[in-house]
Amino acid sequence: MKAAICQPQMGKEALLGLLSAKSEGERAFVFDAAREARHRAFGNKVFLYGFLYLSTHCRNDCAFCQYRRSNSSLERYRKPLGEMLEAAGRLAADGVHLLDLTLGEDPYYVEPAGFHRLLELVSALKETTGLPIMVSPGVLSAEQLVRLREAGADWYACYQETHNRDLFTRLRLEQDYDRRKRTRLEAAGCGLLAEDGLLTGVGESAEDLADSILDMAREPLDQVRAMSYVPHESTFPSTAGDTLEERRAHELLAIAAMRLVMEDRLIPASLDVDGLEGLAMRLKAGANVVTSIVPSGCGLAGVASKDLDIENQRRSVAAVVRQLGVLGLEPALPGEYRAWVEQRRRGEER
Ligand SMILES: C[S@@+](CC[C@H](N)C(=O)[O-])C[C@H]1O[C@@H](n2cnc3c(N)ncnc32)[C@H](O)[C@@H]1O
Ligand SMILES: C[C@H](CCN)[C@@H](N)C(=O)O
Ligand code: SF4
């Protein structure tokens, strides 16, 4: 395994070996190597992303998501612009490096007649906070992506969940695999930084993960993620193991493998799966961005976990920074994040 880890261009067999690590010792070895790779690329600096869930209405019916259209028991919201700006102002004052504006595929915002509303919000967030903005609105047209960039968006996030087409069909019901992938590539083509992501615990094999990671490595992506599936009453049961350790194994190994294959990309440790409790294990696996920091008292939800750790302020900058300290890590300076974004953008224009 050691030889495999030392290869700069890891092949599928070597990657499969890492992703299938079973014993504690083997896994610790993979995580150690991933942390070393992170240290080479980012030192001990970690980026912090604030999360703003604008609308929980959605026209899609993803099998894994509690916000799926067919979940009629869910109370949904659409936040007014003023409340979004207030929440964003709080996150900015607390010191996040970026605002992730996320929404269900809500026709009110994403269909052509309503798209100007999303653009207005992006511009207002940019103007009032001055922070880089990521937008996670689902599939858009090429023209909408250009307008998003012109309105001031810096990033476009859209997760394939899996690069196994059969599994995709069972997860993102009635959605087009190629269209989703194309939207992300078009976003990268029009000057937006781009993120792809995987779901684990949804019936994927280690080989599926290896294929996904190799696919991601070939694409013009700036951030790549893996998140464990969080089952809900309105969604299907998890296919992962009985213990928490087993249920998280694929996610943590995928984080480490992505770090080893794509050393210099951003890789999230999301607070949306296990809250603050799960932060250390994800950072120890090689992640370098803490995502899903949500301000309390604003009535805003998470995605995988709707309420977890929000009102008790454990999804706050202060709580995260304390955890970073324990792990010998520290939040990057705002200028360091901006410099990374600018350098990445220049790299892609070349
Ligand atoms: C980016 S957000 C919403 C933006 C937009 N509606 C979309 O689906 O692209 C949705 C992501 O959260 C993750 N997610 C949703 N439900 C989840 C769950 N129950 N457990 C874990 N992750 C989940 C999935 O990776 C999904 O792509
Ligand atoms: C899944 C979300 C990200 C959308 N770009 C967010 N809850 C997160 O975990 O970072
Ligand atoms: S993952 Fe996104 S598109 Fe799918 S149901 Fe949830 S909010 Fe809608």
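The term pLDDT stands for the predictor's confidence in each residue, on a scale from 0 to 100. Here the chain has a mean pLDDT of 96, with 97% of its residues at 70 or more. The model as a whole scores ipTM 0.99 and pTM 0.97. Where pLDDT is low, predicted coordinates should not be read in detail.

A word on conventions: this is a predicted model, in which local features need pLDDT of at least 70 and side-chain atom pairs count only at pLDDT 80 or more, while totals for chains, interfaces and linings use all residues. Residues are numbered from 1 along each chain as its sequence is written, chains are lettered from A and ligands numbered from 1 in the order in which they are written, and side-chain values use heavy atoms, with hydrogens and water left out.

Let's start with ligand 1. It is surrounded by 20 residues, counting a residue when one of its heavy atoms lies within 4 Å of the ligand. Phe64, Glu161, Arg172, Arg180 and Val230 are the closest. At Val230, a polar backbone atom is 2.8 Å from a nitrogen atom of the ligand. The protein covers 94% of the 560 Å² of accessible area that ligand 1 has on its own, with areas taken from the Shrake-Rupley method with a 1.4 Å probe. By class, its shell holds 10 nonpolar, six polar and four charged residues; Gly counts as polar here, and Tyr as nonpolar.

Now for ligand 2, which has 13 residues around it, with Asp100, Ser136, Tyr159, Ser270 and Thr291 nearest. This time, look at the side chains. A polar side-chain atom of Asp100 lies 2.6 Å from a nitrogen atom of ligand 2. Side-chain polar atoms also approach a nitrogen atom of this ligand from Tyr159, at 2.8 Å, and from Ser292, at 3.0 Å. Of the 300 Å² of accessible area that ligand 2 has on its own, the protein covers 96%. The shell around ligand 2 comprises five nonpolar, five polar and three charged residues.

How values were computed
A polar contact is a pair of N or O atoms within 3.5 Å; within protein, one must be able to donate a hydrogen and the other to accept it, and residues adjacent in sequence count only if both atoms are side-chain atoms.
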